[in-house]
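Open the model in your viewer and keep the selection tool ready. This tour goes one stop at a time.

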Amino acid sequence: MAFSRFMITFAATWFYSGKSPKAPGTAGSFAALPFGWLIWAYGGNTALIVASIAVFAIGIWVAHLYSNMLGIHDAGEIVIDEVVGQWMCLLVVPLGAVWMDAVWLLIAFLAFRIFDVIKPWPIRWVDRRVGGGFGIMFDDVLAGVFAMIALVGVVYLTGDLTGS
């Protein structure tokens, strides 16, 4: 393996957050938030989209390698997929009113976790039927899309809560 086991583990578990003994997916989603917010703060939605696409592509490869290392498809400690789904949610919430960003990060976090845990159709279908690194990553992208739709509704209903 040209890439070291350490680097594969580091990436697949998102800086070892996926090694959390309780709720590794939740830990990974939570660990994604500060990075997503910083990427957005310094580059806006364009930078967050580019970063999400890059992490998705890297995630397909790394999740596949890590699954092979463990001999387990989609082990719970693989959380690089949660990173992409969580970052997608940040694209539709009104960040920028710094005092409210923490609230929107929490709302985005909860929305993504709900869809990632419940896995309504077609998320559950993808989770069970699509293999390899792509399958590991794609079900969380779908959870991110579902959460984004819900978040657009929340933003609309709340008038975005920022007062801007």
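Among contacts between residues at least 6 apart in sequence, what percentage join residues at least 24 apart? The figure is 73%. Keep in mind that this is a predicted model.

**Stop 1: the whole chain.** Show everything as a cartoon. From the N terminus on, the order is α-α-α-α-α-α. Now look at the overall dimensions. The C-alpha atoms fill a box of roughly 50 × 35 × 30 Å along the principal axes. The radius of gyration is 15 Å, which agrees with the value near 15 Å for a compact globule of 164 residues. The accessible area comes to about 8,100 Å², and 73% of it belongs to carbon and sulfur atoms. Buried residues make up 46% of the 164 residues.

**Stop 2: helix α3.** Select residues 80–90. How many of the residues of this helix are buried? Eleven of the eleven are, so α3 is largely enclosed by the rest of the structure. Among them are Asp81, Glu82, Gln86 and Trp87. Next, show what covers α3: the cover includes α1 (5–12), α2 (24–70), α4 and α6 (132–158).

**Stop 3: the nonpolar core.** Select Trp14, Ile78, Val84, Trp87, Leu90 and Val93. These have the most contacts inside the largest nonpolar core, which has 49 residues. Each of α1, α2, α3, α4, α5 (123–129) and α6 supplies at least two core residues. Which helix gives the largest share? That is α2, with twelve residues. Now zoom in on Val93. Valine 93 touches Trp104, Ala108, Leu151 and Val155, leaving aside residues up to four places away in sequence.

Stop 4: Select residues 98–118, which form α4, and pick out Asp116. Is aspartate 116 buried or exposed? Its relative accessibility is 5%, so Asp116 counts as buried; the cut-off for buried is under 20%. Beyond residues up to four places away in sequence, Asp116 touches Glu82, Asp140 and Ala143.

Stop 5: Leucine 106 is partly exposed, because its relative accessible area is 49%. Together with Leu106 they make a nonpolar surface patch of about 480 Å².

Note on methods
Residues numbered from 1 in each chain as written. Predicted model: local features only at pLDDT ≥ 70, side-chain atom pairs only at ≥ 80, totals over all residues. Heavy atoms only, no water. Helix = DSSP H or I, 4+ residues; strand = E, 2+ residues; numbered from the N terminus. Buried < 20%, exposed > 50% of the residue type's maximum accessible area, 1.4 Å probe, protein only. Contact = heavy atoms within 4.5 Å. Patch = residues over 30% accessible without salt bridge, like charges linked within 9 Å, V, L, I, M, F, W, Y side chains within 5 Å. Areas by Shrake-Rupley, 256 points an atom, 1.4 Å probe, with all protein chains shown as cover. Salt bridge = Lys/Arg side-chain N within 4 Å of Asp/Glu carboxyl O. Core = buried A, V, L, I, M, F, W, Y, C linked by side-chain atoms within 4.5 Å. Rg over C-alpha atoms; globule rule 2.2 N^0.38 Å.
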